Amino acid sequence: MTRGEDDWWRAEVDCPPDAHYGFALDGDSAVLPDPRSARQPDGVHERSQLWNPASARWTDQGWAGRSIEGAVIYELHTGTFTETGTFDAAIDKLDYLVDLGVDFVELMPVNAFNGTHGWGYDGVLWYAVHEPYGGPDGLVRLVDACHSRGLGVLIDAVFNHFGPSGNYLPKFGPYLSSVSNPWGEGVNLAGPQADEVRRYIIDCALRWMRDFHVDGLRLDAVHALVDNTAIHILEELAAETDALSAQLGRPLGLIAESDLNDPRLITARDRGGYGLTAQWDDDIHHAIHTAVSGERQGYYADFGTLQALATTLRNGYFHAGTYSSFRHRRHGRPLDTTSIPATRLLAYTCTHDQVGNRAVGDRPSQNLDYGQLAIKAALVLGSPYTAMLFMGEEWASTHPFQFFSSHTEPELAIATAEGRKAEFAGHGWDAEDIPDPQDPQTFLRSKLDWDQVGAPEHADLLAFYRDLITLRRTEPDLRDPWLTDLGVDFDEDSRWIVLRRGAMAIACNLGERSATVPVTGEVVLAWGDAEVRGSQTSMPGHSVVVTRSR
């Protein structure tokens, strides 16, 4: 190879289109994979294989794309979504998702990581598609199949750290920073020679949307991106994403996962923000979950009351320059609800994080009754926020979603298992109750059981989800994206809360006892036997009623 003035090394080699190749650096006999490899058929430690995106067979030329804002997103993990755990197996379930009414499929990370199965957040070859899922050709087939059914596709991308096994980037250049985070070594975004590192990230992000036709990305834990340059990498990425969107002629979106409660992420660039499309909003999750379940441990401590729930539903953030007892400091900044629509925030009853990062990976459906699950669904899907479901929640799957890994190095396997037990032991859990991430049964337990979908005890909740999504799409007042038009009433003692959106009212009785709630009108959807009596409605415990005023 020859070294150019720009410090890039180049060579031209004749080879077949599917050749295996790698790099030997500085006379070292070891052959390393290409950091921009598209295929790693033998794993992240082995040679790369060429893959030309021009060879992909697409039939989605008529796909015009769709906006993320106000949509219903369905988050899934490819390996546990089906028994086979591949892209092709997921295609077989797409008609079910269309019938459910969702707009987007969001795939947890599909980039190459060590081992056969895992969550995917310990990726080391960001450009490659995980081979056990089906590699790049399998991903093409899945995205193409989604688009043929009117479903958009989002991919979860991790740019804040690298996994512990197979990260050879430091041998190629100054990709790492001196700052680490809880998940691994940080990325050099602002140090010497950071420009090419930033390019590595942005090119990877654009490639998913350009070469694999996906409609946007979920950006993992952006608060761990340490960037003190004048133009933050998120702003730079958003600008280039918008440029690619204009070039392709279809919408492209970026959704940030952030715990900062910082509106700048979703504020337009011409107003001083970064210009991202949307962000996950854990405050909404925490407020709903604690009010329904009664849990108050850890970061749930400031939530749990209907006052906290009402405040969060009205304002988007609960912590908005207010004191956080979990952080022992002020946290967040108020959202300008007159200029930022609610659809730029994502609401959800649970996510892979809020299930899998519990000690035993238990779902809400394993701890709550069906009425409580219906309440959570109604508050999310009846709200003006962009909504997201986590696979299986709509039928109250009884299978956990646990943290699993398949590290091939014995020392790393032991460290992962012991670290997981130590983490939760500090919160009072018995170490013996914590599943071993390396145990294959932990992975297998986390797979969805699709036989549950047709079971009578699950069918009613599934139908309720479908009806909520239909109402969300068909009722004009439920399509209003502005929080300024949202009304919330509640009674802390009687444990009821009402969302008012134009002529529509979503009333929830969170208490175990019956309650009389000040809503009236035509009942268009209910969980439980609600009875409208004049200007009031009688509701049994753990119930929901949606009414339309005449």
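Which residues does H213 touch, not counting residues up to four places away in sequence? Select H213 and have a look: the partners are W58, D60, V143, H147, W208 and R250, where contact means heavy atoms within 4.5 Å.

A word before moving on: this is a predicted model, in which local features need pLDDT of at least 70 and side-chain atom pairs count only at pLDDT 80 or more, while totals for chains, interfaces and linings use all residues. Residues are numbered from 1 along each chain as its sequence is written, and side-chain values use heavy atoms, with hydrogens and water left out.

**Stop one: around H213**

Stay with H213, which sits in the loop between helix 5 (194-211) and strand 12 (216-219). Helices (H or I, at least four residues) and strands (E, at least two) are DSSP runs, numbered from the N terminus. H213 counts as buried because its relative accessibility is 18%; buried means under 20% relative accessible area, exposed over 50%, and partly exposed in between (1.4 Å probe, protein chains only). Now show the side chain of D60: a polar contact of 2.9 Å joins it to the side chain of H213. Such a contact is a pair of N or O atoms within 3.5 Å; within protein, one must be able to donate a hydrogen and the other to accept it, and residues adjacent in sequence count only if both atoms are side-chain atoms.

**Stop two: T229**

Next, select T229, in the loop between strand 12 and helix 6 (233-248). With a relative accessible area of 31%, T229 is partly exposed. Leaving aside residues up to four places away in sequence, T229 touches L189, A190 and R198. The side chains of T229 and R198 make a polar contact of 3.4 Å, and a polar atom of the T229 side chain lies 3.0 Å from the backbone oxygen of I231.

**Stop three: aromatic rings**

Finally, colour the rings. The whole structure holds 27 aromatic pairs, meaning rings of Phe, Tyr and Trp (its six-membered ring) with centres within 6.5 Å; planes under 30 degrees apart count as stacked, over 60 as edge-to-face and the rest as tilted. One of the pairs, Y127 with Y200, is tilted, at 5.2 Å centre to centre and 40° between the planes. Y127 belongs to strand 8 (residues 125-129) and Y200 to helix 5, 73 residues apart. Both Y127 and Y200 are buried. To end, select W119, Y121, F390, F401, F403, F404 and F443, which ring pairs link into a cluster.
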